[in-house]
Amino acid sequence: METITIRRAGYEDCPRLLELVRELALYEKAPEKVTVTLDEFSYAGFGEGKVWDAMVAETDGRIIGFALWYIRFSTWRGKRIYLEDLYVEQQYRGKSVGRKLFDALIAETRKQGIRGMVWQALDWNRPALEFYSKYGAEFDGGWINCSLEFGDGEQE
């Protein structure tokens, strides 16, 4: 078994992280939805006013998975970690890589004094739902996702 190391992502990891984001989008049957540039992605994680953080899983110096999150605020529950993406390359699934990433994020959540995490999973992604069930995750089918797109980001 290969040694899997979990560590905090660094700026130099952004190109590989974005590759994995594209793999995730392909897995989720929406590769055309990834429109973020490497510059925007990198700046959002490591520039002034950064908005995301991540843990990476690597073996032999190669990143094979990641957990990317940010802090959100619930008016009902207070600060929460929002897990944007948890992804492991297909050939490493079933080898505890996802568990190690998720456990590292749980530890980070507790270290920051935050009492909970939230995330979304696609209803057809049985492996993900079974994975989260092992942690005692609650599934709420009563909410509908909503979003707006503003094209190039300019406001009129």
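Is Cys-14 buried or exposed? With a relative accessibility of 0%, Cys-14 counts as buried, where buried means under 20% relative accessible area, exposed means over 50%, and partly exposed lies in between (1.4 Å probe, protein chains only).

## Basis of the model

The model is predicted: local features need pLDDT of at least 70, side-chain atom pairs count only at pLDDT 80 or more, and totals for chains, interfaces and linings use all residues. Residues are numbered from 1 along each chain as its sequence is written, and side-chain values use heavy atoms, with hydrogens and water left out.

## Overall architecture

The protein chain contains four helices and five strands. Helices (H or I, at least four residues) and strands (E, at least two) are DSSP runs, numbered from the N terminus. Read from the N terminus, the order of elements is β-α-α-β-β-β-α-β-α. The radius of gyration of the protein chain is 16 Å, close to the 15 Å given by the globule rule for 156 residues, so the chain is as compact as a globular protein of that length. This radius is taken over C-alpha atoms, and the rule is 2.2 Å times the number of residues to the power 0.38.

Along the principal axes, the C-alpha atoms of the protein chain fill a box of roughly 55 × 35 × 35 Å. Of the 156 residues, 38% count as buried. Among contacts (heavy atoms within 4.5 Å) with a separation of 6 or more, 57% come from residues 24 or more positions apart. The protein chain exposes about 10600 Å², and carbon and sulfur atoms supply 51% of that area; accessible areas come from the Shrake-Rupley method with a 1.4 Å probe, and for residues only the protein chains shown count as cover.

## Helix H1

Helix H1 covers residues 14–27, and its 14 residues should span 20 Å at 1.5 Å a residue; the end C-alpha atoms are 20 Å apart, which agrees. The expected span is 1.5 Å times one less than the number of residues. The buried residues of H1 are Cys-14, Arg-16, Leu-17, Leu-18, Leu-20, Val-21, Leu-24 and Ala-25. These residues pack against helix H2 (38–46) and against strands E2 (53–59), E3 (62–74) and E4 (78–88).

## Helix H2

In H2, the buried residues are Phe-41, Ser-42 and Gly-45. Seen down the axis of H2, these buried residues fall within an arc of 95°, so they line one face of the helix; the arc is that of the directions from the helix axis to the C-beta atoms. Their cover includes H1 and E3.

Asp-39 also belongs to H2, and at 64% relative accessibility Asp-39 counts as exposed. The C-alpha atoms of Asp-39 and Asn-125 are separated by 30 Å, and the two residues lie 86 residues apart along the chain.

## Loop residues with positive phi

Most residues other than glycine have a negative phi. Lys-29, in the loop between H1 and H2, has a positive phi of about 65° although it is not a glycine. Lys-29 counts as exposed, at 61% relative accessibility.

Asp-60 lies in the loop between E2 and E3. Asp-60 is not a glycine, yet has a positive phi of about 50°. With a relative accessible area of 72%, Asp-60 is exposed.

## Cysteines

A disulfide is a covalent bond between the sulfur atoms of two cysteines. Here a disulfide is taken as a pair of cysteine sulfur atoms within 2.5 Å, and the count by this rule comes to zero. Cys-14 is buried, whereas Cys-146 counts as exposed at 73% relative accessibility.
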